[in-house]
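Open the model in your viewer and keep the selection panel handy. We will go from one selection to the next and say what is there at each stop.

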Amino acid sequence: MDFINAIILLLNYIIVPALSYGSQLALGAIFVTLIYGILRFANFATGDMMAFGTMFAVLLTWYFQSLGINLGVLPTALLTIPFAVIMMILYMLIIDKLVFRYYRIKKSPPVQLAMVSIGVLFVTQAIVRIIIGPFDRRFFDGEKFILKAVEFKEMTGLNEGLTVKTTQVITIVITVIVVSLLFWFLNKTKTGKSMRAYSDNEDLALLSGIDPNKVVMITWMIAGVLATIGGVLYGLDKSFKPFVYFNNMLPIFAAAIVGGIGNPFGAFLGGYVIAFAEIFITYAYKKFFMYLLPESLEPDSLMQLLSTDYKFAVSFSILVIVLLFRPTGIFKGKVL
Amino acid sequence: MRQYANVITAYTIMIILIILVGVFQSWNVALSILNFCLISAVMTMGANIQWGYAGLINFGIMGYTALGGLAAVLISVAPVQEAWAVGGLDMIICAGIIVVMVLSIRYVLKKIEKSKKRNYIIAAIIIFGLMLLRVIAGPATEHIEAVDPAKTGFLGGLGMPILFSWIVGAFFAGGLAYIVGKVALGLRADYLAIATLLISEIVIAVIKHEDWLSRGVKNVIGLKRPVPYEVDLQNSSWFIDLVEKLHSGKLKLINSLAERQDVLNQLVIESSSVYVKLCLAGLFFIVVIILLIITQKALYSPWGRMMRAIRDNDEAANAMGKNVVKEHLLIFILGSAVVGIAGAMMVTHDGLFTPGSYRPMRYTFLIWVMVIVGGSGNNFGAILGGFVVWFLWVEAAPIALFLINFFTSHLPETNALKIHLINSAPYFRFLTMGIGLLLIMRYRPKGILPEKIIKQ
């Protein structure tokens with residue numbers, strides 16, 4: 001019985017939260033990796049672009065709520081995602097046309113494009129803050145829990161409860177759907193294949209008649225979908241705050257690089273690697289060992305490897321270690 | 001002289017702008033803008049040494065700034081005797097353990113050739129060392145943080161004059177840059193950017209949460225100053241006489257004695273803070289001038305030419321027998337050290353150390369905007385960038401507010417859009433910065449004052 005309790009404890013505090021957080025990171029990381037693989041620059045505006053898409057979802061959610069439209073037990077925000085995605089894609093295409101296109105045609109070095117993306121970062125951040133303000137916004141509605149700790153305890157008779165939030169399940173389900181669609185698109189359709197070819201060798205792809213403008217446009221469209229969905233899911237799970245989104249750029253970058261930049265599947269797994277590492281290392285295992293060990297051996301301390309203050313630092317340290325020992329990332333991306 | 005014509009024009013315009021702020025807003029605001037312009041100029045020079053001279057992209061400026069600030073705390077604050085008594089020895093032992101760990105890792109790296117075995121040994125050393133550190137440091141930090149947590153709760157510093165910390169800050173930042181450079185300099189440019197950004201976040205996390213060292217988010221306030229305090233000035237007779245003399249014309253117009261005394265008091269209070277800021281500005285100005293002379297000499301020395309050669313074609317430079325890796329590391333350290341000085345200067349100016357305020361937008365990306373806008377590779381350009389961008393950063397909100405009021409003047413005061421816009425005026429500074437950066441990168445990619453190569 002103690003053993004099952006210990007497992008439930010881990011499930012409740014580590015595995016379920018890490019899976020949902022990892023999914024949110026994974027979507028962002030695929031976004032980064034696609035931009036890097038096809039447009040060939042590190043996009044520092046990642047976090048704020050996600051905030052931009054989410055902002056529309058939040059505004060539309062409020063609008064729908066005022067109209068009385070909702071999805072019952074599911075959050076209304078899900079209904080707004082398609083509209084937010086369209087706005088996001090429009091914004092990205094405008095930015096690309098006004099800003100990035102010029103440098104792409106000039107074949108500027110990636111560093112210059114990264115610098116330009118900092119300009120975009122400032123502008124996007126300003127727009128988001130001017131429209132919706134810098135404050136914390138909650139836009140979740142509907143049923144909060146699928147499984148409450150108390151219900152679980154009654155059902156199973158265990159000491160430990162298992163809580164599953166609706167947002168966690170939604171996050172994981174939607175991520176799985178989106179990512180499988182994306183991989184199907186990249187591997188099976190002609191456009192997807194031409195995108196991969198363009199990412200692999202630009203000159204060869206151009207020679208074989210692939211239209212670069214189309215590839216770039218499709219890339220931004222996919223990026224818009226990923227950014228908005230990733231942002232909305234994160235906002236539903238926690239809350240929407242522009243500054244937090246900006247900061248999320250850092251673990252997202254870490255996930256993309258750990259997974260091997262330019263490699264979407266690597267980025268997908270990288271998100272989970274970062275999320276699990278962050279939570280595994282900063283979790284206090286005292287209770288876990290109390291279940292497993294005999295009373296005489298029970299630990300006095302919290303049995304925590306690092307305090308939760310260093311959550312972000314963990315992912316960055318992993319990144320540094322990966323860069324040192326395997327600069328191509330765990331799943332071979334482009335050689336840095 | 002002619003080649004400096006546009007430099008002189010640009011700086012004249014900048015000085016006139018600051019004087020205009022002094023006339024229209026207040027001299028206090030103008031001087032604090034000037035002080036921060038000078039500090040930003042030092043940071044920009046540091047970033048320019050790395051980016052303009054050598055093409056190294058360092059997005060970790062925030063981390064070095066914070067380390068400079070930490071140096072100011074560790075140098076100037078008086079030591080907390082009780083804290084040293086309860087945990088000082090343990091902390092020194094911990095420092096010793098870290099040194100032993102580093103030395104033994106170096107030894108392993110030298111003696112055993114590259115293999116899986118070597119990696120395992122290093123991992124074992126690190127894990128064992130960390131466990132030992134936790135056992136010793138855990139209780140010690142608790143004891144230290146328990147010493148009067150509202151006021152101290154940390155080890156304190158050395159109690160030396162704060163000016164000394166400007167040099168120590170440079171050494172702190174340089175030391176960190178040595179480690180970062182060893183780890184990350186081999187990476188390609190945009191990865192270097194990401195890696196340095198993330199490492200600087202780690203540095204901030206440590207400073208924020210290691211309360212025994214820096215009081216963390218509880219902040220350190222009331223740091224010593226290298227210049228007189230306002231209160232002392234207001235009570236010293238020579239200062240009051242000086243103010244009276246300067247404003248004698250204005251004071252003579254007032255007839256009633258009591259009224260004149262009131263006006264004089266008001267003037268003394270205002271002038272005291274102006275005087276303090278002027279003193280600080282003088283100190284900062286000296287630093288900027290010294291750095292400018294050194295960097296200018298370096299840029300046009302054989303060493304500077306070599307750095308440009310490495311920047312423009314590192315393979316050719318390598319073939320000519322220049323040690324690219326070594327020079328990159330050197331310039332990374334030098335640039336970061338300059339940023340460290342700026343960090344210490346900033347904490348000296350504010351008189352307080354707030355680890356929570358170090359954010360990448362303000363301390364990394366804004367500095368990069370300064371470098372790009374001013375002109376990379378040109379020291380005058382870098383300083384100008386610091387001035388222009390900081391000026392805009394501060395003045396963007398008032399200007400935006402003015403424009404919003406102007407364009408919405410036909411709307412009633414209760415109009416929702418107008419209220420919303422007025423409330424979000426501060427965020428127009430981000431918009432200004434972003435659009436400014438994008439325009440400069442598009443139409444004047446070398447900055448306002450482009451790099452000039454003097455042919456000898």
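Before the first stop, a word on helix geometry: an axis here is a line fitted to C-alpha atoms, over the stretch in contact in the case of helices, and angles between N-to-C directions run from 0 to 180 degrees. Please also keep in mind that this is a predicted model.

**Stop 1: two helices of chain B**

Select residues 5–24 of chain B, which form helix H1, and residues 27–54 of chain B, which form helix H2. Their axes come within 6 Å and cross at roughly 150°. Angles over 145 degrees count as roughly antiparallel, so H1(B) is roughly antiparallel to H2(B).

Now show side chains where the two helices meet. H1(B) brings B:Ile18, B:Val21 and B:Gly22 to the contact, while H2(B) brings B:Trp27, B:Val29, B:Ala30, B:Ile33 and B:Leu34.

**Stop 2: the domains of chain B**

Domain 1 takes in 2–79 + 156–443, and domain 2 covers 80–155. How far apart are the centres of domain 1 of chain B and domain 2 of chain B? Taken over C-alpha atoms, the separation is 34 Å.

Zoom in on the place where the domains touch: domain 1 of chain B contributes 7 residues to the contact, and domain 2 of chain B contributes 11 residues. On the domain 1 side of chain B, the residues touching domain 2 of chain B are 3 nonpolar, 2 polar and 2 charged.

**Stop 3: where chain B meets chain A**

Bring both chains into view. Here 31 residues of chain B are in contact with 36 residues of chain A. On chain B, select helix H7 (189–209), helix H16 (360–374) and helix H19 (428–443), each of which supplies at least two residues to the side that touches chain A. Which helix gives the most to that side of chain B? H7(B) does, with 12 residues. By class, the side of chain B that touches chain A has 24 nonpolar, 3 polar and 4 charged residues.

**Stop 4: chain A as a whole**

The C-alpha trace of chain A spans about 70 × 55 × 35 Å along its principal axes. Colour chain A by burial, and buried residues make up 45% of its 336 residues.

Methods:
Residues are numbered from 1 along each chain as its sequence is written. Chains are lettered from A and ligands numbered from 1 in the order in which they are written. This is a predicted model: local features need pLDDT of at least 70, side-chain atom pairs count only at pLDDT 80 or more; totals for chains, interfaces and linings use all residues. Helices (H or I, at least four residues) and strands (E, at least two) are DSSP runs, numbered from the N terminus. Ala, Val, Leu, Ile, Met, Phe, Trp, Tyr, Cys and Pro count as nonpolar, Asp, Glu, Lys and Arg as charged, and the others, Gly among them, as polar. A residue is buried if 20 or more other C-beta atoms lie within 10 Å of its own, exposed if 12 or fewer, and partly exposed in between; C-beta atoms are placed from the backbone. Angles under 35 degrees count as roughly parallel, over 145 as roughly antiparallel, 65 to 115 as roughly perpendicular and the rest as oblique. Domain bounds come from an automatic or database domain assignment.
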